[in-house]
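This report describes selected packing features of one protein model and the surroundings of its ligand. Please read it alongside the sequence and the coordinates.

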Amino acid sequence: MKVAIIAGSTSDKEIMNAAKEVLDEFGIENKTFITSAHRSPNLTKEVAEIVDKEFDVAIVIAGLSAALPGIFATYTQKPVLGVPVASDLMGLDALFSITQMPRGIPVATFGIGKKGAKNAALFALRILALNDTSLREKLDLKAKEEEEKLRELNDM
Ligand code: C2R
């Protein structure tokens, strides 16, 4: 089970790390790539082809006019989870770019920034857990722990 994290720029590093932390916590093998559909279209295709062969899910992070998740999804049938990055337009530019895909090229869209990246990683885990009972058990345990924390907070 392998997850690829792809970002449009090194400036997206913090967001990439937010996704990576979640995958690492659950012991899921992952690799990060930097490539841009706008600036390095050939490299983007190459990376997508590697991901298509060797990975199960792609988390694709991009800001501004975010073509990358959509272009990525044209080169692979693996699930692409898109994460918009905040900008002068609060990330709405990337959010709309990623979510408003033309018919036929599906990209799942998550929230803007680090929280979105964490949720994308958790969603990747849910996809992987469909065929992995021990990962499913880890996710159940994590959910129980979250609830337990709130119980303690409420003295319950
Ligand atoms: P720089 O900081 O390198 O100027 O990048 C990146 O994801 C980043 O958030 C600024 C922002 O541009 C985004 N970017 C894209 C694409 N390439 C870079 N959205 C693309 O091909 O979609």
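## Helix 4 and its packing partners

The buried residues of helix 4 pack against strand 3 (57-63), helix 3 (68-74), strand 4 (80-85) and strand 5 (108-109). The model is a predicted one. Within helix 4, which spans residues 92-99, the buried positions are Ala-94, Leu-95, Ser-97 and Ile-98. These residues lie on the same side of helix 4, because they cover an arc of only 165 degrees around the axis. An α-helix has 3.6 residues a turn, so residues three or four places apart point the same way.

## The contact of helix 1 with helix 5

Helix 1 comprises residues 13-25 and helix 5 comprises residues 114-129; the two pack at an angle of about 35 degrees, and their axes are 8 Å apart. The crossing of helix 1 over helix 5 is right-handed.

From helix 1, the contact is made by Glu-14, Ile-15, Ala-18, Ala-19, Val-22 and Leu-23. Helix 5 contributes Lys-114, Ala-117, Lys-118, Ala-120, Ala-121 and Leu-122.

Ala-124 is a residue of helix 5. Is Ala-124 buried or exposed? It counts as buried because it has 28 C-beta neighbours inside 10 Å, where 20 or more are required. Setting aside residues up to four places away in sequence, Ala-124 touches Val-3, Val-57, Ile-59 and Leu-81. The C-alpha atom of Ala-124 is separated by 9.4 Å from that of Val-80, although these residues are 44 residues apart along the chain.

Ala-7 belongs to strand 1, residues 2-7. Ala-7 also counts as buried, because 25 C-beta neighbours lie inside 10 Å. Beyond residues up to four places away in sequence, the residues that Ala-7 touches are Asp-12, Ile-15, Met-16, Ile-34, Ile-61 and Ala-62. Ala-7 and Val-60 are 53 residues apart along the chain, yet their C-alpha atoms are separated by 5.8 Å.

## The ligand shell

Which residues are the closest to the ligand? The ligand is surrounded by 16 residues, of which Gly-8, Ser-9, Ser-11, Ser-36 and Gly-63 are the closest. The shell as a whole divides into eight nonpolar, six polar and two charged residues.

Note on methods:
Residues are numbered from 1 along each chain as its sequence is written. This is a predicted model: local features need pLDDT of at least 70, side-chain atom pairs count only at pLDDT 80 or more; totals for chains, interfaces and linings use all residues. Axes are lines fitted to C-alpha atoms, for helices over the stretch in contact, and angles run from 0 to 180 degrees between N-to-C directions. Helices (H or I, at least four residues) and strands (E, at least two) are DSSP runs, numbered from the N terminus. A crossing is left-handed if the near helix is turned anticlockwise from the far one by less than a right angle, and right-handed if clockwise. Two residues are in contact if their C-beta atoms, placed from the backbone, lie within 7 Å. A residue is near a molecule or strand if its C-beta atom, placed from the backbone, lies within 6 Å of it. Ala, Val, Leu, Ile, Met, Phe, Trp, Tyr, Cys and Pro count as nonpolar, Asp, Glu, Lys and Arg as charged, and the others, Gly among them, as polar. A residue is buried if 20 or more other C-beta atoms lie within 10 Å of its own, exposed if 12 or fewer, and partly exposed in between; C-beta atoms are placed from the backbone. The arc is that of the directions from the helix axis to the C-beta atoms.
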